[in-house]
2 protein chains.
Amino acid sequence: MNIRSNPDTTLPAVTTGPLPSSRKIFATPDAAPDLRVPLREIILSEGAGEPNLPVYDTSGPYTDPTVTIDVNAGLSRNRLAWVKERGGVEEYQGREIKPEDNGNVGASHAAKAFTAHHKPLRGLDGHKITQLEFARAGIITKEMIYVAERENLGRKQQLERAEAALADGESFGAEVPAFITPEFVRSEIARGRAIIPCNINHAELEPMIIGRNFLTKINANIGNSAVTSSVEEEVDKMVWAIRWGADTVMDLSTGRNIHTTREWILRNAPIPIGTVPIYQALEKCEGDPVKLTWELYKDTLIEQCEQGVDYFTIHAGVRLPYIHLTANRVTGIVSRGGSIMAKWCLAHHKESFLYTHFDEICDLMRKYDVSFSLGDGLRPGSIADANDRAQFAELETLGELTKIAWEKGCQVMIEGPGHVPMHKIKINMDKQLKECGEAPFYTLGPLTTDIAPGYDHITSGIGAAMIGWFGCAMLCYVTPKEHLGLPDRNDVKVGVITYKIAAHASDLAKGHPAAQLRDDALSRARFDFRWTDQFNLGLDPDTAKSFHDETLPKEAHKVA
Amino acid sequence: MNIRSNPDTTLPAVTTGPLPSSRKIFATPDAAPDLRVPLREIILSEGAGEPNLPVYDTSGPYTDPTVTIDVNAGLSRNRLAWVKERGGVEEYQGREIKPEDNGNVGASHAAKAFTAHHKPLRGLDGHKITQLEFARAGIITKEMIYVAERENLGRKQQLERAEAALADGESFGAEVPAFITPEFVRSEIARGRAIIPCNINHAELEPMIIGRNFLTKINANIGNSAVTSSVEEEVDKMVWAIRWGADTVMDLSTGRNIHTTREWILRNAPIPIGTVPIYQALEKCEGDPVKLTWELYKDTLIEQCEQGVDYFTIHAGVRLPYIHLTANRVTGIVSRGGSIMAKWCLAHHKESFLYTHFDEICDLMRKYDVSFSLGDGLRPGSIADANDRAQFAELETLGELTKIAWEKGCQVMIEGPGHVPMHKIKINMDKQLKECGEAPFYTLGPLTTDIAPGYDHITSGIGAAMIGWFGCAMLCYVTPKEHLGLPDRNDVKVGVITYKIAAHASDLAKGHPAAQLRDDALSRARFDFRWTDQFNLGLDPDTAKSFHDETLPKEAHKVA
């Protein structure tokens, strides 16, 4: 059932209700019986002769028929208690919303403000705030217990086949365990090999983990632009993206109503939300990169920290001396954040303020446990520019910054390309692991050819599957509209499903101990001609069902 | 312009007219100035500041506005002269069409017969007939000259960048040259590393080559079933598939009108047509595999040899002793041809007649230069069954049969899986090269996960790109309808475009000396905001253009 809520009001209408033949179930971790970790159980047909299949569930309360969704009120803020009970934080008045936060939008174009206001929390000096700090101190947080349970997909113990699956896979040096314990989660976070993006002000969050020894994750980008789409559409796209499996969502909104849009999204988001704060900072200086200042940027960071953004893309590796390295490229600098910073550096002939103020950025983000997603502002925008000196010089700097952020107690992941032909993908992964001390890699695609505008979910899905296999922890989706326009609802779904395929193919190849259970269940359904089970076990039951040709003969000779 | 011909008649209506901003051009080989080798020139906008781009053109006369397409008459039979002038063939009466050839269809359901009748040719004893025989004798045929010119994409000499591109790539031991000469083509065919599928009776053919030292090719499957689609639809699908880039087409028709459908397709096909003759043989014995006989099969082979089919899938590796190896599989035998033969073997408890009569099959196919596509009847139908003993036992037998076919003078390629997780793909390629003496590999996907029915063009496109990179010579497309229904026109297009992406990504990764020219041209157009050039240089200009959001701001900060 795809039920669109609030059909008759002007409030955001979002899709609710379970997926076909699925129900929300909850696992209770032994280490914290008060936690309820969501799973989706796919219910098989009566004659299936095998148990229902629990799968990872990113969809939040929207697919739980026992929860009344009111987008106007936001999701319940369960995580507030977790943060408060461990202490070290204070509630405070918070920064006042300024007209420029919403692009000085006039009353006639202003989006409806989110109703509730929650005073922000921030960390107190001398206290542990971030998951990294807790992990290093040997403390297992509720977030860690939660994600451990979640990663085990309902298993309470190691599967019989786990060791065999791991031995059969090729993980290129990853250390995926046969069973995930909270202690394993803690140790991976302590080493910097995994992060739980979880701003203390994002109390609506159902925590998830990003690291190469866990299930491969995917991100979906949404965001309005100055000219198209609305707050309603963006909230709906977020809910739609997580319905199909997005693990995190980045709000890349530009233009007016940027603060309000983000507030609506965050208050209704059970998944981590990432942003690129320089986009909003730029809106605050009329879109002129030259006018950007550290103070303006810092104020924007505080604004977004208080709202509850879970991770920030920060292009602090776009250093002045690297910019000339892009001079002979076919496609110059294609990262929006990268080109903004390059313009600022060149205009002022100064080192990037993101780089010179990196310590301060760390101190600020640490107070809210906002994770770094160190941006690759010099990523290649074409096959021709892949793996060039500009790209790798920046990556080396990102490695240097990773170590600083870690020293400051911040969680870190690293963003990667872009456009890379197949034979140059692995070197990206290997170099990232080496330069960045195994901090999680989070890549856009990469696109393996430039010749298919309109199909870049596919050109990039190929690269994404491969880099996920090689060790990339999170894959940022690309939709069919890449390079051409903003994705609509259908593009979001196609992008998410394509990247779920890539992520799952990665998990299979790495030898994940439980990934193949779903393939096997679906294959058995196929072999038995249990059509409905085959649809429901797939990533997109609706499409599979609509494609099924009832007139097709049963093909007595085809034994599957 | 997508112009559908014959809109007002009951004859097959097919799409004609050039692709957007493209024109058909012809290259003239120095070695044979009477040949006209087609290319598509993509015409760039006036201010582009760079030359138009010639690309490989599979579309045949359908995109040539100077040719009047009359599907009822078929394409012109230029190649007849090439075959006749080298001699060694005789024209003869040929086998009479029998009612059972069309499933004993009654008059009311009979498809309109193709108008023209061409007496078949066959090779005379003691004469060279096949491209392999000519190649071994040191003779360069017109077909070899034609494909050499075609592979060079309009280049008359080695590109300056060719050596650098090759050095930059990773081809896993392939020996792609900087420039293709007719002599290189001859030597590759003589070694069995490449084939030109070209039945002497397929005079409408524009020859193409399949081998890992040439451009990676793709195949599209079409074919009616007993219950759906018509002759008209299948001819249209063939024309539609080659319009978007299919290099060969397999007609997998079943049911009634199977002979007539194939005749319409062949007489209008500028690309090689492949079939699985056992499908038709089965129709001739009421669909009961147990009733199959060698005589019935042989008669079907002759029927199809005379019609001009260029390659036959023959599942001669499904041997009686291998069948029990599939007993514990999750999805048994999923190849239709494989399961037909398995049933025959088990019912009679006899070795497969395809295996026991393999010599005779070779002798027959040699007379018409029909190439073998040795079928993988025991290919895995699920991730669980990948790379198992049944699969590899059959592959070893295919290697043995390859050598027999070569001795007999026949051209050979080998079919491959199927469903294979990423980390098990390369072993398939390596083992195939080893067992089959580097005969070209021709694989279905492989699908890298089973969990996405409705999206298996993508699950398999990932595997196809990888195996193409590793050395697979031709990739058999999978459409979104795989496992669910018969592909319609739109599915055919999506499947073809997806596989063009995979094939091109393979060529890039191998370091093909000219593949990246198109990526670079498109990337420059993108960087210059030459939108129309960007669309036209892409694989699907129509879709790219329709996706382009005119309202999108030019994003002054994004330098691409």
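Predicted model: local features only at pLDDT ≥ 70, side-chain atom pairs only at ≥ 80, totals over all residues.

Between chain B and chain A there are 16 residue pairs in polar contact, both residues at pLDDT 80 or more, a polar contact being a pair of N or O atoms within 3.5 Å, where within protein one must be able to donate a hydrogen and the other to accept it, and residues adjacent in sequence count only if both atoms are side-chain atoms. On the side of chain B that touches chain A, helices 11, 16, 17, 18, 19 and 20 of chain B each supply at least two residues, and helix 17 gives the most, with 10 residues; helices here are DSSP runs of H or I, at least four residues long, numbered from the N terminus. That side divides into 42 nonpolar, 28 polar and 18 charged residues.

Residues are numbered from 1 along each chain as written, chains are lettered from A and ligands numbered from 1 in order of writing, and side-chain values use heavy atoms, without hydrogens or water.

The rule finds 2 salt bridges across the interface, each a side-chain nitrogen of Lys or Arg within 4 Å of a carboxyl oxygen of Asp or Glu, and B:Asp168 pairs in this way with A:Lys424 at 2.8 Å, N to O.

Finally, in helix 13 of chain A, the residues that are buried include A:Phe358, A:Ile361 and A:Tyr368, buried meaning under 20% relative accessible area with a 1.4 Å probe, protein chains only. After that helix comes A:Asp369, with a positive phi near 55°.

Key
Nonpolar A, V, L, I, M, F, W, Y, C, P; charged D, E, K, R; others polar. Buried < 20%, exposed > 50% of the residue type's maximum accessible area, 1.4 Å probe, protein only.
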